Amino acid sequence: MDLTLLLQAAAQAPEAPPLADRLGDPTAWIRAAFLVFLGFPLVFGLSKVVRSWVVRNSTAQRGMVVGKLLFYLGAGIIVVSALAELGFRLGPLLGAAGVLGVALGFASQTSVSNVISGFFLMAEQPFVVDDIIQVGSTTGQVLSIDMMSVKLRTFDNRFVRIPNEIIVKSEVTTVTRFPIRRLDIRVGVSYKEDIGTVRSVLLDVADRNPLALMDPEPLVIFQGYGESSVDLEFGVWTTRENFGELRDTLPEQIKRRFDQEGIEIPFPHRTVQLAADTGPMPVHVVSSDGNPTARSS
Amino acid sequence: VRSSGGSRSPWGAHDLRGADGLDLEIGPLKLRLEERAGEVWLARSDSQGAAPAKGTRWATTDDWDGRVALTPAFPDRPVVVEPEGAFWLVRGARARIYVRVPLWVHLEALGQERTSLVSVPTVTGSDTWWGTYEEGELCYWFATSARRSVEDSLFQEHLAMCPVQLENRSADSLPIERIALRVGYLSLYSQNGRIWADETTVRYQGEAEGTQLDVTGQPPPEAPGADLLVPARLKTTRGLRALTFSRLRAVQGWI
């Protein structure tokens, strides 16, 4: 077909009434309102149903992502349709949005960075909803991973919002990523103790603790000769659900067992020696009632 | 299995109404069952000579006729055991081992319908992990060892004898150090007061090919004509594959 014919056909196409006329047309407003008031609850409800279905059949994380994508997509379609009913033309609007977007982009770099970081987080999935993560000094359970931020609930029940950009740039520890964890406890014993005996006692403590896993086996590793003690590292594996309870019970059981076995957990020791050319150290001998009884030098 | 009334088996139905409670010993587990004001009371202790320490009670429906039923059941997780001594299964070899698994007691209230109340272990197993550090499953560990032969003295009333046929179809010798027994796929059978499980055949086909499990669904040849006590909790699928031999190796690093 000739190009001029196409242009003529486009020129003869019926044009929509001007924007001013449509804005003054009450039926256009009614149609737009109808779209908004019916469309938004519909999209909201639909996204919730789909989210629930995905959560049931997959994971909470995927359900949240699918639900939000569906809601934002539906909301966009409703807004564009409502504007079209009022006579707004999408082409010029998009052009204006492009120019406006550049201006807004400069003004809202942080927000845009958060949104893009949010997409990376959802794609990479270093953690999912309900995981426990540690970001900097904050540890908590992930409530949601949103476009701008990740929301956490700390163990003392505070709500923490961390911008996605910070999470992407920071070292994040997902505490609940793997099903089993190792609890490491540093144990110092007196130099007079036999390390083999101490090792046997520690392994027996782990064996008697119902929260400790038989396999992977608990370990006792020599760490070094400390200032006042021989230092050992005692590592016990448990399921991630039992980690907190094991951390609470195991040190108490070690202490009790050491007391039973007569194994000393020493305090820091200092041996003070006087040089040959210093004078004698003064010594005060005090009776049980606190009165000085004698002085020696 | 002993009850306070004599040598009567604890398995089956017991009438609690009009009786002064019911005391049962199933291996190291001691149970006391009572009916009080239409409720089922249960106290249990798993240490010899100790008074029942843990008590639980259930308010029942009007349908309850005063009887309860005790049935044996396998633990609710796979069981990991060691052979008497670790051995190698050379290429193409077969070995038959017998694993004694401590049973659980499943308690139900009887009436027009059976109402499940609780399952309690006769022996409390330790937790152990089977798999890798990234994924796997939580299992029970029991001090019982897998044996190469069966003797009369091995049978106890709270233990189920599980015959396992091992086959090494890989190109390499296979070390048998620990075995995970997936008891959820096994049924329980009774013969002359002895409790058996159906035979499991474990075919190791190599590290990449994995292990294939087959459960016969019938009493083992050692117990011909045994009666079915409890059917398997899980249905076996054809070509069931599961990690049976591998285990976690030495650990890792210390910081």
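Visitor: What percentage of the 255 residues in chain B is buried?
Guide: The model is a predicted one, and a residue counts as buried when its relative accessible area is under 20%. Among the 255 residues of chain B, the buried share is 48%.

Visitor: How many strands are there in chain B?
Guide: Chain B has zero helices. Its contacts with a separation of 6 or more come to 68% from residues 24 or more positions apart. The number of strands in chain B is 23.

Visitor: Is strand β11 of chain B largely enclosed by the rest of the structure, or is it open, and how many of its six residues are buried?
Guide: On one side of β11(B) point B:W104, B:H106 and B:E108, and on the other B:V105, B:L107 and B:A109; both sets are buried. The strand, residues 104-109, is therefore largely enclosed by the rest of the structure, and the number of its residues that are buried is six of the six.

Visitor: Which residue stands opposite B:V105 in β11(B)?
Guide: Strand β7 of chain B, residues 67-73, runs antiparallel to β11(B) and is joined to it by six bridges. Opposite B:V105 stands B:P72.

Visitor: In β12(B), which residue is the bridge partner of B:A109?
Guide: β12(B), residues 115-121, pairs with β11(B) in the antiparallel sense, over six bridges. A hairpin of five residues makes the link from β11(B) to β12(B). The bridge partner of B:A109 is B:T115.

Visitor: How far apart are the end C-alpha atoms of helix α6 of chain A?
Guide: Helix α6(A) covers residues 109-124, which is 16 residues.

Visitor: What arc around the axis do the buried residues of α6(A) cover?
Guide: The buried residues are A:N114, A:S117, A:G118, A:L121 and A:M122. They lie on the same side of α6(A), because the arc they cover is only 140 degrees.

Visitor: Which exposed residues does α6(A) carry on the face turned away from its buried side?
Guide: An α-helix has 3.6 residues a turn, so residues three or four places apart point the same way. The buried residues of α6(A) pack against α4, β2, β3, β4 and α7 of chain A. On the face turned away from that buried side, the exposed residues are A:Q109, A:F120, A:A123 and A:E124.

Visitor: Which three residues supply 34% of the area that chain A buries against chain B?
Guide: The contact is made by 20 residues of chain A and 16 residues of chain B. Between them the chains bury about 1600 Å², with 61% of this on carbon and sulfur atoms. The three residues of chain A that supply more than any other three are A:R182, A:M214 and A:D215.

Visitor: Which residue of chain B meets A:D215 in a salt bridge?
Guide: Two salt bridges are counted between chain A and chain B. In the one formed by the side chain of A:D215, the distance from N to O is 3.2 Å and the partner is B:R178.

Visitor: Which residues of chain A does B:D127 touch?
Guide: B:D127 sits in strand β13 of chain B, residues 126-131. At 10% relative accessibility, B:D127 counts as buried. Within chain B, the residues that B:D127 touches include B:R77 and B:Y140. In chain A, B:D127 touches A:P210, A:A212, A:L213, A:M214 and A:N242.

Visitor: Does B:P28 count as buried, partly exposed or exposed?
Guide: B:P28 belongs to the loop between β3 and β4 of chain B. The C-alpha atom of B:P28 is separated by 35 Å from that of B:R203, which is 175 residues apart along the chain. Buried requires under 20% and exposed over 50%; at 22% relative accessibility, B:P28 therefore counts as partly exposed.

Notes:
Residues are numbered from 1 along each chain as its sequence is written. Chains are lettered from A and ligands numbered from 1 in the order in which they are written. This is a predicted model: local features need pLDDT of at least 70, side-chain atom pairs count only at pLDDT 80 or more; totals for chains, interfaces and linings use all residues. Side-chain values use heavy atoms; hydrogens and water are left out. Buried means under 20% relative accessible area, exposed over 50%, partly exposed in between (1.4 Å probe, protein chains only). Helices (H or I, at least four residues) and strands (E, at least two) are DSSP runs, numbered from the N terminus. Two strands pair if DSSP finds at least two bridges between them. The expected span of a helix is 1.5 Å times one less than its number of residues. The arc is that of the directions from the helix axis to the C-beta atoms. Contact means heavy atoms within 4.5 Å. Buried area is the accessible area (1.4 Å probe) that two parts lose on being put together, summed over both. A salt bridge is a side-chain nitrogen of Lys or Arg within 4 Å of a carboxyl oxygen of Asp or Glu.
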